[in-house]
Amino acid sequence: MWLTSLSFLIFGVTEFAVRFFSAVFGALTLMVIYTMGKDLHSSRLGFIAAMLFGLNPFVSFYARQGQFDTALVFFLSLAILYLIRYESRGGIHFALLGGMAIGAALMTKLFVGFGIPLAYFFWKATTHDGKDPLWKPLAVSLGMALLVSAPWYVYMTIVRG
């Protein structure tokens, strides 16, 4: 909602302004999907994955609408990318960045964003080798997600009940 308001300030109250951020997040998601494929295997796989994702009629439809779904998918994809990077490269900053993306997803569509840390936790629990603490990336990413999203929810609860 806040991005649509910003778009109205920049472009005026027009159909273009309503759809602007949906299209932007749709394009950004393609870049994230490409990067995920590249990080996991190769640039070629990243390109194929981004093309298949972008050619999906459901995805291309929502990227042209003034809805929040494309922002949600972008933030969830970004969270997955950072958690993949945490696994492959180490560095707690990737878990922090993933948490920021989860927090943004929580601000976009309520509690849907919690699906990524839950899926990550179940994956880690089933593949845990005992070397690193199982809870560390989950606690870091969830803590950051709550720091990002809690002010919005507190404000909305005070204002809207």
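Hi everyone, let's start with a pair: α5 and α7 are roughly parallel to each other, because an angle under 35 degrees counts as that. This is a predicted model, where local features need pLDDT of at least 70, side-chain atom pairs count only at pLDDT 80 or more, and totals for chains, interfaces and linings use all residues. Residues are numbered from 1 along each chain as its sequence is written, and side-chain values use heavy atoms, leaving out hydrogens and water.

Back to our pair. Helix α5 covers residues 69-89 and helix α7 covers residues 115-127; they pack at an angle of about 30 degrees, with axes 10 Å apart. The axes are lines fitted to C-alpha atoms over the stretch in contact, and angles run from 0 to 180 degrees between N-to-C directions. Which residues make the contact? From α5 come Leu76, Ala79, Ile80, Leu83, Tyr86 and Glu87, and from α7 come Ile116, Tyr120, Trp123 and Lys124, with contact meaning heavy atoms within 4.5 Å.

Now for α6, residues 92-108. Its end C-alpha atoms are 25 Å apart, which agrees with the 24 Å that its 17 residues should span at 1.5 Å a residue, the expected span being 1.5 Å times one less than the number of residues.

Finally, just after α6, leucine 110 takes a positive phi of about 45 degrees.

Note on methods:
Helices (H or I, at least four residues) and strands (E, at least two) are DSSP runs, numbered from the N terminus. Angles under 35 degrees count as roughly parallel, over 145 as roughly antiparallel, 65 to 115 as roughly perpendicular and the rest as oblique.
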